[in-house]
Amino acid sequence: MAATVSFTVPSPHGPRSVTLAYRRVGTGEPLLLLHGIGHHRQAWDPVVDLLAAERDVIAVDLPGFGESPALPEGLSHGLATTNAALAALCETLELDRPHVAGNSLGGLLALELGREKLVRSVTALAPAGFWSPGERRYAFGLLQAMRRAARSMPLPLVERLSRSAAGRAVLTGSIYARPARRSPEAVVAETLALANARGFTETLRAGTSVRFTDDVPGLPVTVAWGTRDRILVRRQGVRAKRIIPRARLVRLPGCGHVPMNDDPALVARVLLDGSRPTPSPAAQRT
């Protein structure tokens, strides 16, 4: 069950109210989870319980996705505004520099939060922003095709396809290497999330000129890439390592673009390793 929180974000026309939906579970140091474009916070469901045993997990629907409304008039869906909203979310929930993990768009947002020193650590799963121009055009074209397909299919057809492994591959084979592992209910829900994502078009448009080109010094960074990623090809991970030379680059064998479903145990371990509790100031002095 989602909770919601509202706060204000500055705009050229004055403060604007933003509302985000989220789920919070577990104990330990806070770990904020950010999904990719067209998805929703339930993308993390395969790993949430594994993480919650050791972390205070906050899985959020990004603005205009899942149960979070689109940003109000006067606010764009670009990186700066979205990260300002996430920073305000953390302040409102009293999260003191949480660890953050993100997938795809969420991975790029996580790295941006790390660059601004708003978090304790970053784990980015197939983050956006390390593409060549051709790779970006390919990825955006595929995402737009997925969106058109999701919007064109009537719900009874989606539900019928979800009941078989072959049908789930038709619906989610672009993002999962092992779509048969996803439950029919989850596949229906994420197909609807993609079809109904109010922030999809503006967010995709805002990403046209985006590239991540800065180092993220001073905090732990993990970049992980599935070997069967069909949207952002894994050689982009090598580029990420060149740009963030101290980052830990992790290979996720047999995983697709959204690896949480393909190998939950491996992804949970990568996230837990990447968000090891930080020593207290007293411990750091000894």
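Modeller: What follows goes through the sheet, then the helix contacts. Keep in mind that this is a predicted model.

Biologist: Which residues does the UniProt domain annotation cover?

Modeller: The unreviewed UniProt entry annotates "domain: AB hydrolase-1" over residues 31-269. Over that stretch the chain is 45% helix and 13% strand. The end C-alpha atoms of the stretch are 13 Å apart.

Biologist: OK, the sheet. What's the strand order?

Modeller: The order is β1-β2-β4-β3-β5-β6-β7-β8. That is an open sheet of eight strands, with mixed pairing.

Biologist: Which strands stand at the edges?

Modeller: β1 (3-9) and β8 (248-252). Each has a single partner strand, so one side of each is left without a neighbour in the sheet. From one strand to the next, the twist averages 25 degrees.

Biologist: Start at the β1 end. Do β1 and β2 pair parallel or antiparallel?

Modeller: Antiparallel, over seven bridges, with β2 spanning residues 16-25. Valine 9 has arginine 16 as its bridge partner in β2. Threonine 8 sits opposite serine 17 in β2.

Biologist: What about the hairpin there? Which residue takes a positive phi?

Modeller: Glycine 14, with phi near 105 degrees. The hairpin of β1 and β2 has six residues between the strands.

Biologist: Next pair along. How many bridges join β2 to β4?

Modeller: Four, and the two strands run antiparallel. In that pairing, arginine 24 stands opposite isoleucine 58 of β4.

Biologist: Switching to helices. Which strands does α11 lie across?

Modeller: Helix α11 (residues 264-274) lies across β3 (29-34), β4 (55-60), β5 (99-103), β6, β7 and β8. Its direction is at about 170 degrees to β8.

Biologist: And α1 packs on α11 too. At what angle?

Modeller: About 50 degrees, with the axes 9 Å apart. Here α1 is residues 45-52. The two helices are therefore oblique to each other. Their crossing is right-handed.

Biologist: Next, α2 and α3. What's the crossing angle?

Modeller: Roughly 70 degrees, and the axes come within 10 Å. α2 is residues 79-92 and α3 is residues 105-115. The pair is therefore roughly perpendicular.

Biologist: Which residues make that contact?

Modeller: Leu79, Thr82, Asn83 and Leu86 come from α2. α3 brings Leu105, Leu108, Leu109, Glu112 and Leu113. By class, that contact of α2 with α3 has six nonpolar, two polar and one charged residues.

Biologist: Last pair, α5 and α7. How far apart are the axes?

Modeller: 9 Å, at an angle of about 145 degrees. α5 covers residues 155-162 and α7 covers residues 184-196. The crossing of α5 and α7 is right-handed.

Biologist: Which residues meet between α5 and α7?

Modeller: Leu155, Val158, Glu159 and Ser162 of α5 meet Pro184, Val187, Val188, Thr191 and Leu192 of α7.

Biologist: How do those residues divide by class?

Modeller: The contact of α5 with α7 has six nonpolar, two polar and one charged.

How values were computed
Residues are numbered from 1 along each chain as its sequence is written. This is a predicted model: local features need pLDDT of at least 70, side-chain atom pairs count only at pLDDT 80 or more; totals for chains, interfaces and linings use all residues. Side-chain values use heavy atoms; hydrogens and water are left out. UniProt positions are given in the numbering used here, feature names are shortened, and annotations may be inferred rather than shown by experiment. Axes are lines fitted to C-alpha atoms, for helices over the stretch in contact, and angles run from 0 to 180 degrees between N-to-C directions. Angles under 35 degrees count as roughly parallel, over 145 as roughly antiparallel, 65 to 115 as roughly perpendicular and the rest as oblique. Contact means heavy atoms within 4.5 Å. Ala, Val, Leu, Ile, Met, Phe, Trp, Tyr, Cys and Pro count as nonpolar, Asp, Glu, Lys and Arg as charged, and the others, Gly among them, as polar. Two strands pair if DSSP finds at least two bridges between them. A crossing is left-handed if the near helix is turned anticlockwise from the far one by less than a right angle, and right-handed if clockwise.
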